[in-house]
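Try each task before you read its solution.

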Number of protein chains: 2
Amino acid sequence: MQDHTNTSGTAKGRFASLTPLLQPRSVAVVGASADATRIGGRPVSYMLRGEFQGRVMPVNPKRSEIQGLPAYARIDDLPEAPDASVVAVPAAHVVDTVDALGRRGGRSAIIFSSGFSEVGAEGEALQRQLLDTARRHGMRLLGPNTAGAFNSTIGFFGSFMSGLERGFPLPGRIGIASQSGAYGAHLLGLARARGLGTPICAATGNECDVTLGEAIGWMVENPDIDVVMAYAEAVRDVDSFIAALEAAHAARKPVILQKVGRSALGQKAAMSHTAALAGDDRVFDAMLADYAVIRVESSAELLDVAYTATRRIYPANNSLGMLTISGGAGIIVSDLAEQLDLPMPPMPEPAQADLKSAVPFCSPINPVDCTAQVLNDLTLVGTFGERMVSDGGYASVMAFFSQAGTVPSVAPKLCAELKKVKDAHPDRLFVMSLIGEPEQNRPYEEAGFVLMEDPTDAVKVIKAMGRLGDAFARPLPRREAVPPVTLPEAAPGEAEAKQLLAAHGIPAVPEKVLDSAEEAAAYAEQIGFPVVMKIASADIVHKSEIGGVLLNVADADAVREGFQTLLDNAERHVPNAKLDGVLVARQIVGGVECFMGIQRDPQFGPVAVFGLGGIFVEVLKDVVFRRCPFDREEARDLILSIKGAPLLQGARGRAPVDLDALSEVLANLSRFAVGAGERLDSIDLNPVFAMPEGQGAFAADAVIQIKTDPLNEQK
Amino acid sequence: MQDHTNTSGTAKGRFASLTPLLQPRSVAVVGASADATRIGGRPVSYMLRGEFQGRVMPVNPKRSEIQGLPAYARIDDLPEAPDASVVAVPAAHVVDTVDALGRRGGRSAIIFSSGFSEVGAEGEALQRQLLDTARRHGMRLLGPNTAGAFNSTIGFFGSFMSGLERGFPLPGRIGIASQSGAYGAHLLGLARARGLGTPICAATGNECDVTLGEAIGWMVENPDIDVVMAYAEAVRDVDSFIAALEAAHAARKPVILQKVGRSALGQKAAMSHTAALAGDDRVFDAMLADYAVIRVESSAELLDVAYTATRRIYPANNSLGMLTISGGAGIIVSDLAEQLDLPMPPMPEPAQADLKSAVPFCSPINPVDCTAQVLNDLTLVGTFGERMVSDGGYASVMAFFSQAGTVPSVAPKLCAELKKVKDAHPDRLFVMSLIGEPEQNRPYEEAGFVLMEDPTDAVKVIKAMGRLGDAFARPLPRREAVPPVTLPEAAPGEAEAKQLLAAHGIPAVPEKVLDSAEEAAAYAEQIGFPVVMKIASADIVHKSEIGGVLLNVADADAVREGFQTLLDNAERHVPNAKLDGVLVARQIVGGVECFMGIQRDPQFGPVAVFGLGGIFVEVLKDVVFRRCPFDREEARDLILSIKGAPLLQGARGRAPVDLDALSEVLANLSRFAVGAGERLDSIDLNPVFAMPEGQGAFAADAVIQIKTDPLNEQK
């Protein structure tokens, strides 16, 4: 076994500190067992079988030899400082072990042991102690309570996954990052069964140090990996997760993500009204929307999308052309493409005419039904395919040949004809819907086609590749620095809340108490007509009964006149009242009632909520979410993504509302929420009036909740 | 080849007329070819290979022998009357061929030939002629333009499907009924690849005679078939389709249906406002809701559900218990079960305590995470499984063991332990989520478990079996006879329409012109207060300006007084006006605006539409559909299935509406639509006011559209 330096395949970017863990040159196995079936025996056995390119150093006080390798009684005896150490000892000994490893110069450790944060408060304390110890030595930790990690490109198996008993991962370019070891092993097994190579895998377990985001990040920075499959139950550290998605975007490598735990989230979120809206899984989706991430619902879809992504063809502005020998399959695909919003534009008419003259009974529009007649003259398939790409201009092409495509009399020629088209257009995504035995499918695989038995799966992966293409083509959102906001000591009252928000660009319905008719008229000019005028006096309770309220005051003269009328009426009906002046307020006419709020999400911090007011939010739950902060353009997209958006755009003869102002207010609210920091618990603006175009948007009520003791909050 | 009588496997019910076609004792092949690869040669070749249990009689004027069988020059020469005949001759000769077959005593024919209704008007005429000829001889026809049918239980292959070149269907109990031959063959190929047996298949092609519904119906009446997979593009004959679903319900055999063509339907439906609502695919779904049908979205799902159904365990009142060695898989399953509304109640607390003492680190709630520790003592799996069934009481149990379940050291014992539980509870559905090679899976298959690699697929099929169980447990809706309705010659005006509808239990807002104060008071008492009163005179246009309208008239005395006031005001302001009396109308206070309508669907006849009025129908498209007629209970379910239903039930402090009356009106409308027959084109009642409880429901506007020339309509 030689000492060597791995440089190929080493991540060099932001996540390089995981290299000793996932690309080690030397591995100690503490608690190594001579029994290859035991948890402490498996890593040694796997690395021997996998011909690890570095040194494996079993540590066991009772044996001088483990599975044929020299064993060391104590960590201090190790002949070299291990890049990675596998720790398979009872929880009570883990801290000391890591301390000893740190002293010996160990750079990272994989802690198999359970009995930490997953078992309650005592375990949590132990886990904190473990992390402190590792930090003191500058070590990175995977786990505890993890099934470990492997990197088969160098034969490294710091894992006890029993899936590896069935066979090692196949060569390939897909990485697996999973919070669950058992589910990670399930994915490994499914990938093997489908012939997909997943050489690198990390299960992050309790994540006391290395997070899922870091594992993803290291993989996307690694030249051996093109695609990462990730399984998440809860994103514990949002910053590293976002950093990984940014790195993935920069490296043009997609992350295919199965994120679970909706139902649990739902329960937690049911605690309060706004929380029940904000704790929605859609907050997470809203956060993903900016990045090259495909979120999937099942492991089958995870593998389908990851497999397709290994072709590295991500068509931006995607469109689908379908070549089919079955009209039925064409309808199935058209239905699903429409549902998924994947355009299937028709072939140009001249090309249609040409194809029609080549195969009279064909349907050359799109789907292009070339009929089974082409099986008698397969050069026609090449003609059809070429015309579809060059004349139809489709970014993606799928061909449905089902089992006809793998019949020995058809397959070689069909594959050659389609490969000619494919090779002439290497930027297009070609997917074939075929049924065949693996050995019958292989020539198509080798020619670079994506193979999907089911035409519906073919449409789904084509849609996914287009979404990735669009995401890669789009620059990442810039997260501008947000100026700090000073919150009061305790939750402010309505008036104070409105004042605070108004100072940050979130205006309330304008109103002011004024002393003179001239001041009143000037203020009304400023806030716009019509206005409402009310006598302002603590002594007059039922203002309208004494003529103390004027509605629809239409211009400056009417304000001056009204001012006097209100004073006269007060004088006449409540002669001894102490008058504070006259309140002038913008009268809300023709506005649409909206709802805006901020909710602090345990994972994502402040999240903005927007919806139409009244029944829309309360009965129909027609609300949308976005992580704060965001700019006016993003706010506008968010606002227009509600189902009731037509009501803001002039449906049913209404005036369109002032979308610019509404977007501005929502974006300002999102910045306010970030600037206010962790003491801000929630904001409810209900209603906000979106006025007709050019007339602004105003909060008519405002509630700000503040956490009085930030030390008590769970971080 | 012996003459024999097939009695086993023969359908005896309503669909028995298809028996000669799908279970023939003798088959003529007209246009038979000596070349086994040609369309006319394949049926002969397949039946020879398949050892057809009856006589195959090739007809070919040029040969005395075809593929080793004696051939007949003319149909008249056939030695016996054929139960079924395959017709593979050009379209122009098909009518004569069928006529000759009919004269020779042929009972059915499968017309491969294309060039009929699929090619336009001329072909349609030819197809009508073909059908007339067959009817004259009492023959049943499959096709034309069909890939044919097969029944491998007797070696019958009246089909040229190239999928049969790859291999014959496996033995099994799934039937395939498909409108597309190519897609039917695709399903056959997928089924073979999964080891599923589909011995009987019929592709219905242009359906000039035998419909998809009849093919399904014959299969569900056939003792060799337990489940039917169906593929439909358009249900051309609703009656036979419904009859098939009724037969399926009676036989306790499910139909698994892939119905496509949404996007095309959508386009067609965009023609008019109400049509755009009614032409929705949901009309079809609403129709299916009564029956034991699972509608699927992909061929993979079609096969998953059909495969599971072959176990014939359909748990009504379904619930799911999950046993898992992976917490992650447990979360995935919990999420999906919640989303699909599949209950996963927790284990009883005493059972939880027992399991906890057996495996201290287990999580015994549900999902029951027994942890990988049970792999060390597999009798624990039996214990856990038994407690889940007997204490948890779950109707369905899924067990996630992934690849650990097929490891040779684990599999035999694990399978035996779970089989013990399964055999003790034969009424429960047991699904295993496993990864293994086919030979590793086989013992579990043979033990009767349903196997699904993906836990999400496992949840979906369990949900589907429960839906089937509920459907089988529920009696089919009785379709009572509806009394006929006499429509006027042309579309009636608003008043006439309201009168007509009111006579059939669909009341308009009550109003009447009355001559005296006493009559007015009596009428107001009858319709309920408050009422609106208006002077009735063609000479007074702007009634409110002359004091000719009284709102909120609260009791009989006020009506009498108001009557005089209105006359006085009229006299004073328009002294020469001719007065018709005073209109008294129910004043709508506190009602909720709804929308009701009838749209004639090209497939399903009259379909009722219901929604809330205004923005709900126009912006949010919150509308529901149901095929007419239906009763008050069904109407109530329909009404409460809209998203905005809380608004009818007292949301946001409103009074709950008179749901009984609203349901009654909607049910009456559905009967009216059926009773009115095919001349009725559409009805729009917009708005209908649903009044507070006890106060009824009234149409405030009514438009009835009538087709003036029913002969011009497309049937």
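**Exercise 1.** Find out which residues Ser180(B) touches, leaving aside those up to four places away in sequence.

*Solution.* This is a predicted model, so let's read the contacts from its atoms. Start in chain A: Ser180(B) touches Ser326(A) and Gly328(A). Then turn to chain B, where Tyr231(B) and Glu233(B) are touched by Ser180(B).

**Exercise 2.** Locate Ser180(B) in its chain, and decide whether Ser180(B) is buried or exposed.

*Solution.* First, the place: Ser180(B) sits in the loop between strand 10 (174-178) and helix 6 (181-193) of chain B. Next, the accessibility: the relative value for Ser180(B) is 8%. Buried means under 20%, so Ser180(B) counts as buried. Finally, look at the side chain, which reaches the backbone nitrogen of Ala182(B) at 3.4 Å.

**Exercise 3.** Work out the strand order of the seven-stranded open sheet in chain B, and explain why one side of strand 9 and of strand 14 is left without a neighbour in the sheet.

*Solution.* Step one: the order is 9-8-11-10-12-13-14, with mixed pairing. Step two: strand 9 (156-159) and strand 14 (293-296) of chain B stand at the edges with a single partner strand each, so one side of each has no neighbour in the sheet. Step three: on average, neighbouring strands are turned by 15° against each other, direction ignored.

**Exercise 4.** Describe how strand 12 and strand 13 of chain B pair.

*Solution.* Strand 12 (residues 227-232) and strand 13 (residues 255-259) of chain B run in the parallel sense, joined over five bridges. For Met229(B), the bridge partner in strand 13 is Ile256(B).

Note on methods:
Residues numbered from 1 in each chain as written. Chains lettered and ligands numbered in written order. Predicted model: local features only at pLDDT ≥ 70, side-chain atom pairs only at ≥ 80, totals over all residues. Heavy atoms only, no water. Pairing = 2+ DSSP bridges. Helix = DSSP H or I, 4+ residues; strand = E, 2+ residues; numbered from the N terminus. Axes fitted to C-alpha atoms, helices over the stretch in contact; angles between N-to-C directions. Buried < 20%, exposed > 50% of the residue type's maximum accessible area, 1.4 Å probe, protein only. Polar contact = N/O pair within 3.5 Å; in protein donor to acceptor, adjacent residues only side chain to side chain. Contact = heavy atoms within 4.5 Å.
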